[in-house]
Amino acid sequence: MTNEELKIKLAEILPTATIEDAAEIGPGWITVNVEPGEWLAFAQQLRNEEALQFNFLFCLTCIDWKTHLTMVYHLRSTIFHHNIVVKAKLDRENPEIESVSHIWRTAEFHEREVYEMFGVDFLNHPDLRLLILPDGWEGKNPMRKDFEDPVNMIRL
Amino acid sequence: MYRETKILNDSSEASPLRGGLEGAAEEGDMIINVGPQHPATHGVLHLVITLNGETIKKVEPHLGYIHRSIEKMCESLSYRQFIYVTSRMDYLSAHINNHACALCVEQGLQVEIPPRAQVIRVLMDELTRIASHELWLGAMAMDLGAFTPFFHAFRERESINDIMEETCGARLTMNYMVPGGVMHDLHPNFQKRVKDFMQLYKSKVHEYDEMLTGNIIFQNRMKNVGMLSAEDAISYGCTGPTARGSGVSCDMRKLYPYEIYNTLEFDEVLETGGDSFSRYMVRVREMQQSIRIIEQLIDNIPEGDFLTKTKAVLKLPKGEFYSRVETARGELGVYIVSEGATTPYRIKFRSPGFSNLSVLNHIAKGSKLGDLVAMMGTLDLVIPDIDR
């Protein structure tokens with residue numbers, strides 16, 4: 001499937017999404033911006049649709065833009081070898097998005113990391129606890145831009 | 001050997017060790033802590049294992065003992081400085097980590113690097129891959145109780161480290177690859193030393209097969225242990241030899257070639273067994289492919305510059321950049337979000353070890369405690385790479 005066909009296919013599945021080329025990230029990459037509420041259904045289709053089969057979630061992360069958070073999912077199909085980046089804009093005060101850990105099992109660990117580092121609440125995650133940070137760090141999100149720790153200086 | 005052993009009597013007792021409901025401890029189960037100072041974890045990995053008799057019900061990794069928050073640190077370092085920090089992630093593949101970061105910055109700057117630098121980078125990557133697999137081989141065999149292979153593997157690894165020391169000035173954290181090429185030219189002895197090493201390696205490689213591959217005790221401990229299907233390997237995000245042992249083609253050098261890999265002749269090593277022995281075989285055979293690559297390049301290093309001139313202070317344009325390379329452990333992705341400043345706005349390292357570790361509970365469930373060491377050994381976990 002060429003990139004143009006892929007873009008048409010993605011637009012068919014989710015007409016409300018904005019789809020753009022992301023050639024500067026990598027050749028043939030596509031960025032899809034979705035609403036957080038639509039993400040779970042869209043993810044299921046990306047994984048299961050015969051012509052898409054995005055079966056490999058190779059990167060999952062979050063960006064703090066000070067006004068809002070953006071969840072970033074990097075997906076690849078090991079069958080067709082196309083790459084897409086899915087982004088969802090979250091409210092900074094009360095960030096919530098559906099977990100995709102039952103679709104791609106690797107998301108379970110990655111979502112736990114984002115949960116503790118950015119404070120994103122993943123709905124229906126099987127085991128949302130601190131993974132890297134020690135006990136007592138709940139609610140403090142060290143990767144957020146406004147986090148300052150007077151004892152352990154991270155910022156150089 | 002184990003830090004703490006505790007028999008659970010009251011299954012309703014709330015415990016932070018419990019975690020999810022799947023495989024939760026019941027009456028009569030035992031919870032065992034392995035690590036964070038256990039020799040078989042090769043670093044500060046803490047596993048909380050729920051046991052029923054000798055059968056594993058659940059393995060739960062507790063991370064963070066060596067978390068340095070490299071991603072946050074990089075947000076206040078310039079594009080030249082942050083590469084040095086990344087040598088400390090997967091310290092056995094320091095060159096390849098640096099390579100991934102340099103590629104990502106070059107992609108943003110739209111800089112072409114000279115052919116000599118490309119060849120040097122590939123040579124260094126492959127030497128690193130051999131050194132890393134050698135260390136894995138020795139350490140994994142030692143975890144299983146075989147002491148001798150450790151010395152054999154380290155003999156070869158030492159001669160690679162000597163080569164690195166001569167050219168890069170360091171044995172582990174090389175910091176040799178910089179945006180635009182490599183930091184300085186090869187040492188005049190480099191070609192001769194590498195050829196000597198290859199001769200040594202070829203005369204000794206049969207020893208590994210004699211000691212381990214054909215050893216019936218070793219095979220019994222590895223075969224049908226830690227079964228991982230291809231579907232699960234993909235779903236859990238496994239890459240590198242861990243996934244290739246299950247027959248998943250995921251070699252970045254073949255799928256998304258960088259530098260000069262598309263002009264080189266080498267095979268992507270695949271095994272279809274999905275057990276620990278297949279993962280072992282992938283790594284052993286991969287070392288021979290690396291030797292094959294080095295053989296093609298060592299006499300054909302082009303003359304010329306080793307570094308493209310770049311500005312003193314690098315500024316990436318506003319946008320996002322992603323580069324991925326094949327380290328000794330799998331796919332390393334570097335994701336840079338730039339706001340046009342001299343430092344990255346956000347940087348994310350998709351480290352292979354983190355995803356590979358997440359599969360441990362899945363493959364260990366239902367097997368015996370004694371086999372856990374074989375599984376951890378063949379996942380090739382490097383803890384600073386997981387914690388970052």
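Guide: In this predicted model, helix 4 of chain B passes helix 5 of chain B in a left-handed crossing.

Visitor: At what angle do helix 4 and helix 5 of chain B pack, and are they roughly parallel or antiparallel to each other?

Guide: Helix 4 (residues 115–143) and helix 5 (residues 148–168) of chain B have their axes 8 Å apart and pack at an angle of about 160 degrees. Angles over 145 degrees count as roughly antiparallel, and helix 4 and helix 5 of chain B are therefore roughly antiparallel.

Visitor: Which class of residues has 14 members in the contact of helix 4 with helix 5 of chain B?

Guide: Among the residues that meet are B:L127, B:I130 and B:L135 in helix 4 of chain B, and B:F150, B:F154 and B:I160 in helix 5 of chain B. By class, this contact between helix 4 and helix 5 of chain B has 3 charged and 2 polar residues, and the 14 are nonpolar.

Visitor: Which strands stand at the edges of the sheet in chain B?

Guide: The open sheet is formed by 3 strands in the order 7-8-9 of chain B, with antiparallel pairing. One side of each edge strand is left without a neighbour in the sheet, because each has a single partner strand, and these are strand 7 and strand 9 of chain B.

Visitor: How many residues of chain B are in contact with chain A?

Guide: On the chain A side, 30 residues take part, and they are in contact with residues of chain B that number 33. Strand 7, strand 8 and strand 9 of chain B are among the elements that each supply at least two residues of the side touching chain A. By class, that side of chain B has 13 nonpolar, 12 polar and 8 charged residues, and the number asked for is 33.

Note on methods:
Residues are numbered from 1 along each chain as its sequence is written. Chains are lettered from A and ligands numbered from 1 in the order in which they are written. This is a predicted model: local features need pLDDT of at least 70, side-chain atom pairs count only at pLDDT 80 or more; totals for chains, interfaces and linings use all residues. Two residues are in contact if their C-beta atoms, placed from the backbone, lie within 7 Å. Helices (H or I, at least four residues) and strands (E, at least two) are DSSP runs, numbered from the N terminus. Ala, Val, Leu, Ile, Met, Phe, Trp, Tyr, Cys and Pro count as nonpolar, Asp, Glu, Lys and Arg as charged, and the others, Gly among them, as polar. Two strands pair if DSSP finds at least two bridges between them. Axes are lines fitted to C-alpha atoms, for helices over the stretch in contact, and angles run from 0 to 180 degrees between N-to-C directions. Angles under 35 degrees count as roughly parallel, over 145 as roughly antiparallel, 65 to 115 as roughly perpendicular and the rest as oblique. A crossing is left-handed if the near helix is turned anticlockwise from the far one by less than a right angle, and right-handed if clockwise.
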